[in-house]
Amino acid sequence: MLQRLLLLAALTASTLAFGAPDKVLPVVQAKLTSPPFVPPPTGRKAPAKVIVELEVIEKDMPISEGVSYTFWTFGGTVPGSFIRVRQGDTLEFHLKNHPSSKMPHNIDLHGVTGPGGGAASSFTAPGHASQFTFKALHEGIYVYHCATAPVGMHVANGMYGLILVEPPQGLPKVDHEFYVMQGDFYTTGKYREKGLQPFDMEKAIAEQATYVLFNGAEGALTGERALQAKVGETVRMFVGNGGPNLVSSFHVIGAIFDSVRFEGGTLAQKNVQTTLIPAGGAAIVDFKARVPGSYVLVDHSIFRAFNKGALAILKIDGPEDKSIYSGKEVDSVYLGDRAAPNLKAVATATTAAAAGTLTPKDQIAAGQALFAGTCSVCHQANGAGLAGVFPPLAKSDWFGQDPKRAIGAVLHGLSGKMKVNGKDYDSVMPPMNQLNDDEVANILTYVLNSWGNAGGSISAADVKKERAAKPATTNQAGH
């Protein structure tokens, strides 16, 4: 009799913890999606047993144009696959580690109530699979990540993603849902330095990120890959921050969030301009597309956007509403070198340079795309400059006297008075340290071959030589 009572007590406790026994729960295979896509709402009125299958894959992928990195991924993407379930669901989680992996991995889901968020039950060697079960007790948007030592290295290599636990009634219907996740990356090479870049543990410990990115790569959500919506449609973004170190000041330039479920919780704030998302945290932002144009997603710690890559685009199409906005927008002010519709010419030049087939024509095309976002705000799209302040690049006698001295101007900056085409200018040009050798060479080659200048070309080797040389003690422009 005592054994029966103990068995009954155990079954009762199991039912309380995980709901009804598995045999009475409908079994559902979770539909996982790669960023920026989100699975459709569950649409279920009652809990289910949800089978989640997720594979760890270590793979080389682009982190910027001409730059690759060995990412450790959940599902082959950074961030990892999006998981969507309902509050009260029982999740049977299967974690596989591909045989080609070099490291063991596990998973810590912030939506789990249990030791390590599942990490204690999911340590998985290469070529193995692990399984554990948990109940989704709380609604919200939660980060998941690898928690195998050294934890920071696994996260810094891209091992994070989001799991959405819908409330029983579901979320309010919207026209578009997007999956965006920020992360900071640490490479031995500097920003945009070409080739396969290894992870730099010293930079990571010092929290000196080389890249701060949305969805794992510079340009992952720009150009042809920009997010899309139409005027009058409602947009929801599930925004996470994998870290491992930096807090995100998430902002969409030109939009105000109608609603923000901050820190992934239940409470919502209204009419928000910028929302803080901690490392290992997430938020749900909703807003309506009211005016057409390119809306730029940034980390408003602004150097991260323009000098480390934390920039994405939401392209909204449709009729203008001049009662809301006059339509006088200049995307290049905000987009930096992402102002062009796409950077195919830059990618083409990068590939050609690696193959040893780069031509001046390739350089000019790439330089034109880069100039549009990097230089045109001051020097103007036609190279005319601004009277008394920014000297002209068109038909420039300063260029004509010694084209290669422009390399030093770009790398080291210029300040003070100078005379160009017989007119005086007095301003400051800051060093453009964010540009790599290829980019400087391509921009200057474009300038030399545009607007009546004499032509010629600048090579990456020329730029590299000047970069290695000690700059002059003064940045005076001279004549």
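## Overall picture

Among the contacts in the chain with a separation of 6 or more, 69% are made by residues 24 or more positions apart, where contact means heavy atoms within 4.5 Å. This is a predicted model, in which local features need pLDDT of at least 70 and side-chain atom pairs count only at pLDDT 80 or more, while totals for chains, interfaces and linings use all residues. Residues are numbered from 1 along each chain as its sequence is written, and side-chain values use heavy atoms, with hydrogens and water left out.

The chain holds 12 helices and 23 strands; these are DSSP runs numbered from the N terminus, with helices (H or I) of at least four residues and strands (E) of at least two. Of its 479 residues, 51% count as buried. Here buried means under 20% relative accessible area, exposed means over 50%, and partly exposed lies in between (1.4 Å probe, protein chains only).

## Salt bridges across the chain

Let's turn to the charged pairs. The whole structure contains 18 salt bridges, each defined as a side-chain nitrogen of Lys or Arg within 4 Å of a carboxyl oxygen of Asp or Glu. One of them pairs Glu92 with Lys49, with 3.0 Å between the closest N and O atoms. Glu92 sits in strand E5 (residues 90–97) and Lys49 in strand E2 (residues 49–64), so this pair ties together parts that are 43 residues apart in sequence. Both Glu92 and Lys49 are buried.

Another salt bridge joins the side chains of Glu166 and Arg84, at 2.6 Å from N to O. This pair links distant parts of the chain, with Glu166 in strand E9 (residues 160–166) and Arg84 in strand E4 (residues 83–86), 82 residues apart. Glu166 counts as buried because its relative accessibility is 3%, and Arg84 is buried too, with a relative accessible area of 7%. A further pair, Arg192 and Glu218, meets through side chains at 2.7 Å, N to O. Here the link runs between loops: Arg192 is in the one between strand E10 (176–185) and strand E11 (195–196), and Glu218 is in the one between strand E12 (211–214) and strand E13 (227–230), 26 residues apart. Arg192 and Glu218 are both buried. Salt bridges with shared partners also connect Arg84, Glu166, Glu177, Arg236 and Asp286 into one network.

## Helices H6 and H7

Two packed helices are described by the angle between their axes and the distance between the axes. Helix H6 (residues 344–355) packs with helix H7 (residues 360–374) at an angle of about 140 degrees, and their axes are 8 Å apart. That makes H6 oblique to H7. The axes are lines fitted to C-alpha atoms, for helices over the stretch in contact, and angles run from 0 to 180 degrees between N-to-C directions. Angles under 35 degrees count as roughly parallel, over 145 as roughly antiparallel, 65 to 115 as roughly perpendicular and the rest as oblique.

The crossing of H6 and H7 is left-handed; a crossing has that hand if the near helix is turned anticlockwise from the far one by less than a right angle, and is right-handed if clockwise. H6 contributes Ala345, Val346, Ala349 and Ala352 to the contact, and H7 contributes Asp362, Ala365, Ala366, Ala369 and Leu370. By class, the contact of H6 with H7 has 8 nonpolar, no polar and 1 charged residues. Ala, Val, Leu, Ile, Met, Phe, Trp, Tyr, Cys and Pro count as nonpolar, Asp, Glu, Lys and Arg as charged, and the others, Gly among them, as polar.

Helix H10 (residues 405–412) and helix H12 (residues 460–468) cross at roughly 60 degrees, with axes that come within 10 Å. H10 and H12 are therefore oblique to each other, and H10 passes H12 in a right-handed crossing. On the H10 side the contact is made by Ile407, Gly408, Leu411 and His412, and on the H12 side by Asp462, Val463, Glu466 and Arg467. By class, the contact of H10 with H12 has 3 nonpolar, 2 polar and 3 charged residues.

Asp437 lies in helix H11 (residues 437–448) and counts as buried at 19% relative accessibility. Not counting residues up to four places away in sequence, Asp437 touches Ala460, Val463, Lys464 and Arg467.

## A look at His300

His300 belongs to the loop between strand E20 (293–299) and helix H4 (303–307). With a relative accessible area of 40%, His300 is partly exposed. Leaving aside neighbours within four places in sequence, His300 is in contact with Ser249 and His251.
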